Amino acid sequence: MTGLPIHISEDVAEAVAAGAPVVALESTIFTHGLPRPRNLEVALEAEERLRSTGVVPATIGVYAGVPTVGLSTAQIEELSGADDLDKASLRDLPVVAALGRHGGTTVAATAFLAHRAGIRVFSTGGLGGVHFGASESFDESADLTTLAAIPVTVISAGVKSILDIRATLERFETLNIPVIGYRTRRYPGFYITDSGHEIAYRVDTPEEAAKVIEARDGLELPQAVLIANPVDPAKQLPPQELEALLTRAWAEADARGIKGNASTPFLLDFIQRDTQGRSLEVNIEVYRGNVRLGGEIATALAAARSEA
Ligand code: PSU
Ligand code: MN
C-alpha cells in the first residue's frame, strides 16, 4: 500500500488483484442496526454464505482507529459487542481514525472504503435518504451525495422505511444515480416488496446488472449504480399493517417531542415492539437476499472481466 491509512486484509487484497468476486458488507448494520446477539450471527452468516459460493466477503469498519476492509472474525465479534463505538459516516472517518476509536461504517463510509480497496459490489439492507420535513430541517443522509461520487454498485431493498421515499427518488434523479429494480419496476419499501413508487428500469439477471455496471465504468461516470432488490412477498410485513403502524409511530414521536437524530432509533424501536419482533425477522431476510444477489453480481462481473 502507498502509505494509505487503510488496512486491507490479505484475502481481500489477493482477490481484488486476481479479479475474483468480492462483496463489501457494512458494519453499521451490526454495530447500530440489529440487536444483540442476532447482530453477530447475521454478520458472520453473511460472510459464510458468500464464502460458500466462492465469493470473498469484505466486512468494512473502523477498528481502533484503522479503517479496515476485511475485518477478521475476532474484530467483528469485538465490534458487535462494543458499547463505546461511533456510527461513522464519511465525515466521521478522519476523526474516528485520528482519535483511535472503533466505528461502525454507514453506507457512505463503507462505499468509500470499498472503492478505495478496488471492490466493485456492496450489499446492505436499506439506504439512508431524505427524512420527512427535510425541506425545513435539511435532514437528508450523506449516503445520497456520497453515492453520487463513488462508482460502486450497491444492492439494497430500498431506503429506511421511515424516510420520505418519493423525495429520496427525486434526489437520486438530481444526483444522476441510476436506480434499477431487480426483476421489478416497483421500488421496494424495505419491509415491504413494493413502496408504491415506480422506477424506470429493471434487470432480470446478474449478468444484465453486470452489463450496466460495465457501461457505467466505460463511460467513466462517477455515480454508484443502485440495484433495488425487494423482499420475497411471502416474507414481507403486511403493507397495511406497516402503514398503520408508521402513522402511530409518527404520532407518538410528535407527542413526545422526539425529532432530528433521535427519531430514527425511536421509530425503528417502535416498529420492532409493535410487530413483536417480526420486523427484525424481515430485516434479516431482506439482508440475506441482498447479500446473495451481491454475490451473484460480483461473480457475473468477474466472469465478464475474465472474458474481456
Ligand atoms: N437502514 C436501516 N437502519 C440503519 C441504516 C440503514 O434500516 O441503521 C444505516 C445505514 O448504515 C445507513 C445509515 O447508511 O443508517 C444512514 O444514516 P443517516 O440517515 O444518519 O445518514
Ligand atoms: Mn441525518
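This is a predicted model: local features need pLDDT of at least 70, side-chain atom pairs count only at pLDDT 80 or more; totals for chains, interfaces and linings use all residues.
## Salt bridges across the structure

Side chains of opposite charge can pair when their charged atoms come close. A search of the whole structure finds 25 salt bridges, and a few of them are described here one by one. Among the linked residues are Glu45, Arg49, Lys235, Glu285 and Arg288, which are joined in a network of salt bridges.

## A pair within one helix

Arg38 and Glu41 form a salt bridge through their side chains, with an N to O distance of 3.3 Å. Both residues belong to helix H3, which covers residues 38-52, and they are 3 residues apart, a spacing of about one turn of the helix.

As for accessibility, Arg38 has a relative accessible area of 23% and is therefore partly exposed, while Glu41, with a relative accessible area of 45%, is partly exposed as well.

## Pairs that link separate parts of the chain

Another salt bridge joins the side chains of Arg101 and Asp84, and here the N to O distance is 3.0 Å. This pair links distant parts of the chain, 17 residues apart: Arg101 is in the loop between helix H5 (93-98) and strand S6 (103-105), and Asp84 is in the loop between helix H4 (73-81) and strand S5 (86-88). Arg101 has a relative accessibility of 24%, so that residue counts as partly exposed, whereas Asp84 has a relative accessibility of 56% and therefore counts as exposed.

A further salt bridge is formed by Glu214 and Arg305, whose closest N and O atoms are 3.4 Å apart. Because Glu214 lies in helix H10 (residues 206-218) and Arg305 in helix H13 (residues 278-307), the pair ties together parts that are 91 residues apart in sequence. Glu214 is partly exposed, its relative accessible area being 24%, and Arg305 is also partly exposed, with a value of 45%.

## A set of annotated binding-site residues

According to an unreviewed UniProt entry, Lys87, Val107, Ser141, Ala142 and Asp143 are listed under "binding site". These residues are spread over 57 residues of sequence, yet they cluster in space, since the largest C-alpha distance among them is 13.1 Å. From this set, Lys87, Val107, Ser141, Ala142 and Asp143 are found in the lining of the largest pocket.

Two members of the set can be followed more closely. Ser141 is placed in the loop between helix H7 (134-137) and helix H8 (142-147), and, when neighbours within four places in sequence are left aside, Ser141 is in contact with Gly128 and Gly129. Asp143, by contrast, lies in helix H8, and with a relative accessible area of 5% this residue is buried, because buried means under 20%. Not counting residues up to four places away in sequence, Asp143 touches Thr106, Val107, Ala108, Leu127 and Gly128.

## A separately listed residue

The unreviewed UniProt entry also lists Asp139 under "binding site". Asp139 is located in the loop between H7 and H8, the loop that also holds Ser141. With a relative accessible area of 25%, Asp139 is partly exposed, whereas Asp143 is buried.

When residues up to four places away in sequence are not counted, Asp139 touches Gly129, Val130, His131, Ala134 and Gly260. One of these, Gly129, is also in contact with Ser141.

How values were computed
Residues are numbered from 1 along each chain as its sequence is written. Chains are lettered from A and ligands numbered from 1 in the order in which they are written. Side-chain values use heavy atoms; hydrogens and water are left out. A salt bridge is a side-chain nitrogen of Lys or Arg within 4 Å of a carboxyl oxygen of Asp or Glu. Helices (H or I, at least four residues) and strands (E, at least two) are DSSP runs, numbered from the N terminus. Buried means under 20% relative accessible area, exposed over 50%, partly exposed in between (1.4 Å probe, protein chains only). UniProt positions are given in the numbering used here, feature names are shortened, and annotations may be inferred rather than shown by experiment. On a 1 Å grid over the protein atoms alone, a cavity is a set of points where a 1.4 Å probe fits but cannot get out, and a pocket is an open set with protein on both sides within 12 Å along at least five of seven lines; lining residues have an atom within 4 Å of a point. Contact means heavy atoms within 4.5 Å.
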